Amino acid sequence: DRVATAFRDKAALLKRDWTDEMFQDGEALNEERVADIEASMADELGRHGGGLNDGQNLGNALDLVGVYMKNYKLDKADAVLARCGPYVSARGGVWMVKWLNHISTVRMKQGRHAEALEMLYDL
């Protein structure tokens with residue numbers, strides 16, 4: 001069971017299905033797609049239970065951050081990352097690297113360059 005959990009967690013960490021979408025269909029259609037993805041995230045949270053302690057939910061949340069960054073919804077990305085922070089810290093390792101990469105990118109896009117640089121040093 002431990003091996004299966006580790007395998008699922010690795011797949012969750014590497015998940016980029018939503019992030020890899022192109023979002024090249026214009027603002028209105030992109031907004032609809034973001035709303036669909038948010039609804040999928042909510043459904044997954046309800047289905048898996050365990051909140052962000054569950055690796056699949058945490059992976060989905062980090063994938064959602066990628067969607068927000070692509071669509072310049074930086075406040076939403078920041079909020080999701082803040083919520084994920086304690087769960088990522090508890091897992092450590094590559095989870096932390098992915099989180100730090102995302103949060104430093106968000107900080108940079110927000111014009112918070114000194115904070116972004118500090119976080120990159122943590123990488």
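Predicted model: local features only at pLDDT ≥ 70, side-chain atom pairs only at ≥ 80, totals over all residues.
Arg112 sits in the loop between helix H5 (93-109) and helix H6 (113-122).

What does the side chain of Arg112 meet? Its partner is Asp78, in a salt bridge of 3.8 Å, N to O. That pair links distant parts of the chain, since Asp78 belongs to helix H4 (residues 74-91), 34 residues apart from Arg112. Asp78 counts as buried, with 17% relative accessibility.

Next, Arg107. This residue forms a salt bridge with Glu115, and here the closest N and O atoms are 3.2 Å apart. Arg107 is buried at 9% relative accessibility, whereas Glu115 is partly exposed, at 34%. Taken together, Asp78, Arg107, Arg112 and Glu115 are linked in a network of salt bridges. The structure as a whole holds 11 salt bridges.

Now to helix H2, residues 27-48. How far apart are its end C-alpha atoms? They are 31 Å apart; at 1.5 Å a residue, the 22 residues should span 32 Å, so the two values agree.

Which residues of H2 are buried? They are Asn30, Val34, Ile37, Met41 and Glu44. These residues lie on the same side of H2, because they cover an arc of only 80° around the axis. As a general point, an α-helix has 3.6 residues a turn, so residues three or four places apart point the same way. Part of what covers the buried residues of H2 is helix H3 (55-70). On the face turned away from the buried side, H2 carries the exposed residues Ala28, Gly46 and Arg47.

Arg47 forms a salt bridge with Glu44, with 3.4 Å between the closest N and O atoms. Both lie in H2, three residues apart, which is about one turn of the helix. Is each partner buried or exposed? Arg47 is exposed, with a relative accessible area of 58%, while Glu44 counts as buried because its relative accessibility is 16%, and the cut-off for buried is under 20%.

Just after H2 comes Gly49, which takes a positive phi of about 65°.

Technical notes
Residues numbered from 1 in each chain as written. Heavy atoms only, no water. Helix = DSSP H or I, 4+ residues; strand = E, 2+ residues; numbered from the N terminus. Expected span 1.5 Å × (residues − 1). Buried < 20%, exposed > 50% of the residue type's maximum accessible area, 1.4 Å probe, protein only. Arc of directions from axis to C-beta. Contact = heavy atoms within 4.5 Å. Salt bridge = Lys/Arg side-chain N within 4 Å of Asp/Glu carboxyl O.
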